Amino acid sequence: METTAPLIASSQDATAVANQETMLTPRFYTTDYAKMNKMDMSSVRAEWDKLMLEFEGDNNHDHFQRTPEFSSEIRDLPPALRQEFLDFLVSSVTSEFSGCVLYKEMEKQFTNPDLKLAMGYMARDEARHAGFINMSLRDFGVAVDLGFLKRAKKYTFFRPKFILYATYLSEKIGYARYISIFRQLERHPEHRFHPIFKWFERWCNDEFRHGEVLALMMRSDPKLLSGVNKLWIRFFLIAVYGTMYVRDHNRQELHTALGLDSTKYDFEVFDITSQIARQVFPIELDVEQPKFRAGLERLRLIGVASDAAQKQGGVIGKLKGAGLAIAAATTFARLYVLPTKRNQIPPQVLMVPTW
Ligand SMILES: [Fe+2]
Ligand SMILES: [Fe+2]
């Protein structure tokens, strides 16, 4: 598991980083569109229609406009912070664009009018988000070539239900991440070293709404949230939380600049995400148990050691790398068997973002 980000000094570097395939970098997805197209929203009709009206209202249509602040922004950040901030923006633009490409393709492939409509709205939002981040990257001279990325990046196939679990979590975690940073900078404006953070509040409401679409899709088919699928949900929860923990702990400079502690920030995000995910998931990870925290920390240390092994190279480096991959798998398995909390799924699905 490689954890150190390469230097980003040009658009080419930024595009190469976005195009990377590692455990920690955002992926592009494809799925069985025909199968997903058969999903039927009738059992959640009232809530679905209400949500679609909200999308139609498009209350963020004027939000992603640049203001003069951006031209006078602080671009001479200390080198280490600059790198981590650029890495954060490149990773964010990749994941926003990943959503855009997937939702757009779904819109194109689906004939189911409910799903086609929803995917069109979500692709619209994600295109705005990706474009907005890329403008800030352009200020630093390191915009990602999104057209190239769309053609060149590897697409990972996930069955429809896995797409639902993974994208649902990534939308809700995206909401929780953006709102936590926004609230922190509301309390401590002196830590706001770039104007983009001011956009996070209204932005994260888009992500929240995207999560609501996926929540309703899952709730439309109770099989997706019961039986053996509970094991898959647990798997995705641990994979997503674990990845976030390891990746965020490579951003100490960024977090310090924002006045955040990486571990505290991550656990706040887990907490918000778990509260939201009660709308769909019949289980919840017990993130407060010491063994869970210790497991994540172990994954992080394995990541650091893997980096060192990779840098060392040669046969010894390779052997160490292989050993560490086994250690990572074992740690993951131990996290997987920890007790989880049961959750009674509520009759009403839609929630209001109040964090
Ligand atoms: Fe987004
Ligand atoms: Fe989104």
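## Asp 32 and its loop

Asp 32 is partly exposed, with 14 other C-beta atoms within 10 Å (a residue is buried at 20 or more such neighbours, exposed at 12 or fewer, and partly exposed in between, with C-beta atoms placed from the backbone). Asp 32 sits in the loop between β1 (28-30) and α2 (33-37); helices (H or I, at least four residues) and strands (E, at least two) are DSSP runs numbered from the N terminus. Not counting residues up to four places away in sequence, Asp 32 touches Arg 159 and Pro 160, where contact means C-beta atoms, placed from the backbone, within 7 Å. Its C-alpha is 9.7 Å from that of Ile 163, a residue 131 places away along the chain.

This is a predicted model, in which local features need pLDDT of at least 70 and side-chain atom pairs count only at pLDDT 80 or more, while totals for chains, interfaces and linings use all residues. Residues are numbered from 1 along each chain as its sequence is written, and chains are lettered from A and ligands numbered from 1 in the order in which they are written.

## A positive phi at Asp 58

Another loop aspartate is Asp 58, between α3 (45-57) and α4 (79-109). Its phi is near 45 degrees, a positive value in a residue other than glycine. Most residues other than glycine have a negative phi. Asp 58 is partly exposed, with 13 other C-beta atoms within 10 Å.

Helix α7 covers residues 160-187, and its end C-alpha atoms are 41 Å apart. That agrees with the 40 Å its 28 residues should span (expected span is 1.5 Å times one less than the number of residues). Of those 28 residues, 20 are buried, so the rest of the structure largely encloses α7.

The largest nonpolar core has 83 residues; a nonpolar core is a set of buried Ala, Val, Leu, Ile, Met, Phe, Trp, Tyr and Cys residues joined through C-beta atoms within 7 Å. Helix α7 gives the most to this core, with 12 residues. Touching the most other members are Ala 14, Val 90, Val 93, Met 119, Leu 137, Tyr 168 and Leu 216. Take Ala 14: leaving aside neighbours within four places in sequence, it is in contact with Ile 8, Val 90, Leu 137, Val 142, Ala 143 and Val 144.

## What packs against α8

Helix α8 has 20 residues and reaches 28 Å from first C-alpha to last, close to the 28 Å expected. It's mostly covered, with 17 of its 20 residues buried. Helices α7 and α8 pack at about 155 degrees, with their axes 8 Å apart; axes are lines fitted to C-alpha atoms, for helices over the stretch in contact, and angles run from 0 to 180 degrees between N-to-C directions. That makes α7 roughly antiparallel to α8 (under 35 degrees counts as roughly parallel, over 145 as roughly antiparallel, 65 to 115 as roughly perpendicular and the rest as oblique). The crossing is left-handed, meaning that the near helix is turned anticlockwise from the far one by less than a right angle, whereas clockwise would be right-handed.

Tyr 178 in α7 is buried, with 23 other C-beta atoms within 10 Å. Beyond its neighbours within four places in sequence, Tyr 178 is in contact with Phe 200, Trp 203, Cys 204 and Glu 207.

Helix α5 (residues 113-139) also packs against α8 (residues 200-219), at about 155 degrees with the axes 11 Å apart. These two are therefore roughly antiparallel, and their crossing is left-handed. Ala 118, Met 122, Asp 125 and His 129 in α5 meet Trp 203, Asp 206, His 210 and Val 213 in α8.

Val 269, in helix α11 (residues 262-277), is buried, with 24 other C-beta atoms within 10 Å. Leaving aside neighbours within four places in sequence, Val 269 is in contact with Ile 173, Ala 176, Arg 177 and Ser 180.

Helices α9 (residues 229-248) and α13 (residues 314-336) cross at roughly 125 degrees, their axes coming within 10 Å. The pair is therefore oblique, and the crossing is right-handed. Here Arg 234, Phe 235, Ile 238 and Gly 242 in α9 meet Phe 332, Leu 335 and Tyr 336 in α13.

Methods: Contact = placed C-beta atoms within 7 Å.
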